[in-house]
Amino acid sequence: MKTALVTGGTKGIGKAVALAFLERGFEVVINYHDDEETALATQEEFNMLGYCPVLMRADVSDEMQVKQMFREFFGIYEKLDVLVNNAGVSLVRVIQDTTSADWNTVFDVNVKGVYHCCRAVADNMICYGGGCIINIASIWGEIGASCEVAYSASKGAVIAFTKALSKELAPSKVRVNCVSPGVIDTGMNSHLTAGEMESLIEQIPAGRIGYPADVAKACVYLAEADYVTGEVLSVGGGFGK
């Protein structure tokens, strides 16, 4: 029996990733922060499909909550095979209006959250002879986005973190990779007007925006790709290339 934990797994990309691993026979734990109603609705939806994911509540930006979540996880399961660090927040704001508090919030979730979770599972994965960590970044972490400096910088940090940690853990057979979504049909892009979305689509060689399932497929591939580590797998239909 293989296990996977997906942070921020109750909607959007995280939900699609959780479903993809459930479909492949994994025992899946779905982390969420504070939206219990959505978490329970997602669990019920998966139950109706014949799957039984476990919900675990924790704010990934809070080290103590993350430690408690993994104490609970390892109280149920002996080992963790796949960790998907998907939880994240966005911020659309010009630099002059981006406060220190805004900056810290974005980095606390998007970067510290990844750090907290990776640190919490490293010993278990090493002890059991390997594992797979997949960090969800963004195309904006590669090329930058106007009015999204904090978000772009945080995702760039996730990419650098992934490359560094992959070198550190590779001798222990723990692989660390990164998926870099392009323009995906999720709530994070709800601020875009129809015209702005049309303009973005014109820049995508594939001619369409992506869907959460597209990102989930990339995560499944990385979970199975035993000789791939330290990579940034872009899922954006050629956007930004």
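Modeller: Start with pairing: two strands pair if DSSP finds at least two bridges between them. Strands (E, at least two residues) and helices (H or I, at least four) are DSSP runs, numbered from the N terminus. This is a predicted model, where local features need pLDDT of at least 70, side-chain atom pairs count only at pLDDT 80 or more, and totals for chains, interfaces and linings use all residues. Residues are numbered from 1 along each chain, and side-chain values use heavy atoms, leaving out hydrogens and water.

Colleague: How do you know that S4 and S5 pair?

Modeller: Count the bridges. Four of them join S4 (residues 82-85) to S5 (residues 131-136). The rule asks for at least two, so they pair. The two strands run parallel. Val 82 has Cys 132 as its bridge partner. Leu 83 stands opposite Ile 133, and Asn 85 faces Asn 135.

Colleague: What joins S1 to S4?

Modeller: Three bridges, in the parallel sense, link S1 (residues 3-6) with S4.

Colleague: What makes S3 and S7 edge strands?

Modeller: Read the order of the open sheet: S3-S2-S1-S4-S5-S6-S7, seven strands with parallel pairing. S3 (54-57) and S7 (232-235) each have a single partner strand, so one side of each lacks a neighbour in the sheet. On average, neighbouring strands are turned by 20° against each other, direction ignored. Helix H6 (residues 149-169) packs on this sheet and touches S5, S6 (174-181) and S7.

Colleague: Why is S5 called largely enclosed?

Modeller: Buried means under 20% relative accessible area, exposed over 50%, and partly exposed in between (1.4 Å probe, protein chains only). Six of the six residues of S5 are buried, so the rest of the structure largely encloses this strand. Gly 131, Ile 133 and Asn 135 point one way, while Cys 132, Ile 134 and Ile 136 point the other. In S4, Val 82 and Val 84 point one way and Leu 83 and Asn 85 the other, and all are buried.

Colleague: Is Arg 57 buried, exposed or partly exposed?

Modeller: Arg 57 has 45% relative accessibility, so it counts as partly exposed. This residue lies in S3. Setting aside neighbours within four places in sequence, Arg 57 is in contact (heavy atoms within 4.5 Å) with Asn 31, Tyr 32, His 33, Asp 34 and Glu 36.

Colleague: Why is H1 called roughly parallel to H2?

Modeller: H1 (residues 12-23) and H2 (residues 36-48) pack at about 30°, with axes 12 Å apart. That angle makes H1 roughly parallel to H2. The cut-offs are under 35 degrees for roughly parallel, over 145 for roughly antiparallel, 65 to 115 for roughly perpendicular, and oblique for the rest.

Colleague: Which residues of H1 and H2 meet?

Modeller: Lys 15, Ala 18, Leu 19 and Leu 22 of H1 meet Thr 42, Glu 45 and Phe 46 of H2. That contact divides into four nonpolar, one polar and two charged residues.

Terms used: Axes fitted to C-alpha atoms, helices over the stretch in contact; angles between N-to-C directions. Nonpolar A, V, L, I, M, F, W, Y, C, P; charged D, E, K, R; others polar.
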